[in-house]
Amino acid sequence: MLHTGKVGLRARDEADVAVLHAELYEDIATYMIADSRPWRPIPAGSSASPYAIGEPGDDLALFSVVELVSGELAGAALLWAIDLHNRMAHLGLSLRPSFRGRGLGTDVVLALCEYGFTVRGLHRLQVETLASNAAMIGGASRAGFVHEGTLRGAGWVNGEFADEVILGLLADDWASRRDGA
């Protein structure tokens, strides 16, 4: 398990799937602002669930987030669209409702950075999120991500278009920050 601050990232197990699906996927309003794909009814046990355990691949790293103090499942995190040629990936996370507002998001972002830069040897990590997602923007910014741009009207959310922002972090910036330079 990767430990950073108040959280750990570990491989997802079968017991996590039903909880994550019920609390994150079935929360339609939150799902619609957290994922660019449209919500559709998917049973928790389906292999189509975004929280289903699949075969590991080079382009995706799925984690369950654990709050270290309690040992409880706090949410899900991932690196997706991992591009080994350009050594970059996209970062995402979602916390269960009862774990939001505890300052865990920044620690999850930091743990994903540790995995991406130190374990996988990536050069760049990127976050795309709605401009209204203050929690994700704040967590990524506290971890060292820099606002790189705004995509006007790029997300279809709750029947209207919304702006998305792109934040990026390079391995050199991460290493400098981590080493205290």
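Analyst: In this predicted model, the side chains of arginine 96 and glutamate 23 meet in a salt bridge, with N and O 2.8 Å apart. The pair links distant parts of the chain, 73 residues apart: arginine 96 lies in the loop between strand 5 (88-95) and helix 3, and glutamate 23 belongs to helix 1 (residues 14-25). Arginine 96 has a relative accessible area of 12%, under the 20% limit, and is therefore buried. Glutamate 23, at 26%, is partly exposed.

Another salt bridge joins the side chains of arginine 102 and glutamate 67, with an N to O distance of 2.8 Å. Arginine 102 is in the loop between strand 5 and helix 3, while glutamate 67 is in strand 3 (residues 60-67), so this pair ties together parts that are 35 residues apart in sequence. Arginine 102 counts as partly exposed, with 38% relative accessibility, whereas glutamate 67 is buried at 12%.

Salt bridges with shared partners also join Arg10, Asp13 and Asp16 into one network. Aspartate 16 is buried, its relative accessible area being 4%. The count for the model comes to six salt bridges.

Helix 3 (residues 104-119) packs with helix 5 (residues 171-178) at an angle of about 120°, the axes being 11 Å apart. The two helices are therefore oblique to each other, and their crossing is left-handed.

Note on methods. Residues are numbered from 1 along each chain as its sequence is written. This is a predicted model: local features need pLDDT of at least 70, side-chain atom pairs count only at pLDDT 80 or more; totals for chains, interfaces and linings use all residues. Side-chain values use heavy atoms; hydrogens and water are left out. Axes are lines fitted to C-alpha atoms, for helices over the stretch in contact, and angles run from 0 to 180 degrees between N-to-C directions. Helices (H or I, at least four residues) and strands (E, at least two) are DSSP runs, numbered from the N terminus. Angles under 35 degrees count as roughly parallel, over 145 as roughly antiparallel, 65 to 115 as roughly perpendicular and the rest as oblique. A crossing is left-handed if the near helix is turned anticlockwise from the far one by less than a right angle, and right-handed if clockwise. A salt bridge is a side-chain nitrogen of Lys or Arg within 4 Å of a carboxyl oxygen of Asp or Glu. Buried means under 20% relative accessible area, exposed over 50%, partly exposed in between (1.4 Å probe, protein chains only).
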